[in-house]
Amino acid sequence: MKQRYHNSQKEVKGMNTAELREQFLIEDLMTKGEIKFTYSHYDRMIIGGAVPTSGSLKLDNFPMLKADFFLERREMGVINVAGAGTISVDGKTYDLAKKDCLYISRGSKDISFSSKDASSPAEFYILSAPAHKEYPTTLMKEADATPVVLGSAETSNHRTIHKYIYADGIQSCQLVMGLTTLTTGSVWNTMPSHVHDRRMEAYFYFDLAADQTVFHFMGEPQETRHMTVHNNQAIISPPWSIHSGCATASYSFIWGMGGENQDYGDMDPVAIIDLK
């Protein structure tokens, strides 16, 4: 498990491209036959990916958690972004097709990830946040997620948002999680942009063609920076930063938050003409 520490607005203003990527971009989440994690000190969020192939992958503990097992004091959200797979939680098995979500309760000990077909493996995107109580492990299929349609073709941001883990959906302590899919011809996400000082956010981009890219914008609204992001890569977004992207083709992304509240509407909007 890698670690990423906090960076202030002042530090980020002076960072070059390599430094921005080193601090905020996670490039190697999805590796066949492995589970990989990055521990962010923004709200203690852990961002990970699991790609089981010939056999199952067991969720191990890490000494840096100072816990008897991974979810002793944590909860976890998982969304599958590829082939059909299964997740076993303390002896109970859950089937996840592409874009299905599983919330795993604090206190769960024996967790493993498997693919139905090793030649077309599942790719599980994982978020884990600190938790103070147990909520039941819950599976939500894509068809059962709450859809919200936003934007328009005229502004190149026509998109459908599916909410999974949030105040009116799967219950959690602080984790909020869902995914957004842009329609063909639309390339802008989260525009107009916003910040929410009370919550960090992580974006995971997927279903982007291998020869295409996303230009992800971050930083204070009047001091923006950008990074190029490719398929199956993630961005850590500090609470004080905008988090918008524009790609060279259509794509999907998973958004996940942790912090002071679970109010999906807790956003401080930024007018497009005020961005600098």
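Some conventions to begin. Residues are numbered from 1 along each chain as its sequence is written, and side-chain values use heavy atoms, with hydrogens and water left out. As the model is predicted, local features need pLDDT of at least 70 and side-chain atom pairs count only at pLDDT 80 or more, while totals for chains, interfaces and linings use all residues.

I'll start with the largest pocket. A pocket here is an open set of points on a 1 Å grid over the protein atoms alone, where a 1.4 Å probe fits, with protein on both sides within 12 Å along at least five of seven lines. The largest pocket holds about 210 Å³ of space, the volume being that filled by probe spheres set on the points, which are joined across faces, edges and corners. Its lining has 16 residues, and Ile161, Thr190, His194, Tyr264 and Met267 lie nearest the centre; a lining residue has an atom within 4 Å of a point. Two or more lining residues come from each of β14 (159-165), β18 (199-206) and β23 (252-259). Strands are DSSP runs of E, at least two residues, numbered from the N terminus. β23 gives the most, three residues. By class, the lining has ten nonpolar, four polar and two charged residues; Asp, Glu, Lys and Arg count as charged, Ala, Val, Leu, Ile, Met, Phe, Trp, Tyr, Cys and Pro as nonpolar, and the others, Gly among them, as polar.

Next, a sheet. Four strands in the order β5-β10-β7-β8 form an open, antiparallel sheet, where pairing requires at least two DSSP bridges between two strands. β5 (57-58) and β8 (92-96) are the edge strands. β5 is joined to β10 (residues 111-115) by two bridges, and Leu57 stands opposite Phe113.

Now Ser193, in the loop between β16 (188-189) and β17 (194-195). Why does Ser193 count as buried? Because its relative accessibility is 1%, and buried means under 20% relative accessible area with a 1.4 Å probe, protein chains only. Beyond four places in sequence, Ser193 touches Ile242, Ser244, Pro269, Val270 and Leu275, contact meaning heavy atoms within 4.5 Å.

Last, the cores. A nonpolar core is a set of buried Ala, Val, Leu, Ile, Met, Phe, Trp, Tyr and Cys residues joined through side-chain atoms within 4.5 Å. The largest has 52 residues, with Ile47, Tyr125, Phe204 and Ile254 making the most contacts inside it. β18 supplies its largest share, six residues. A second, separate core of 23 residues includes Leu59, Val78, Leu102 and Ile111.

Conventions
Buried means under 20% relative accessible area, exposed over 50%, partly exposed in between (1.4 Å probe, protein chains only).
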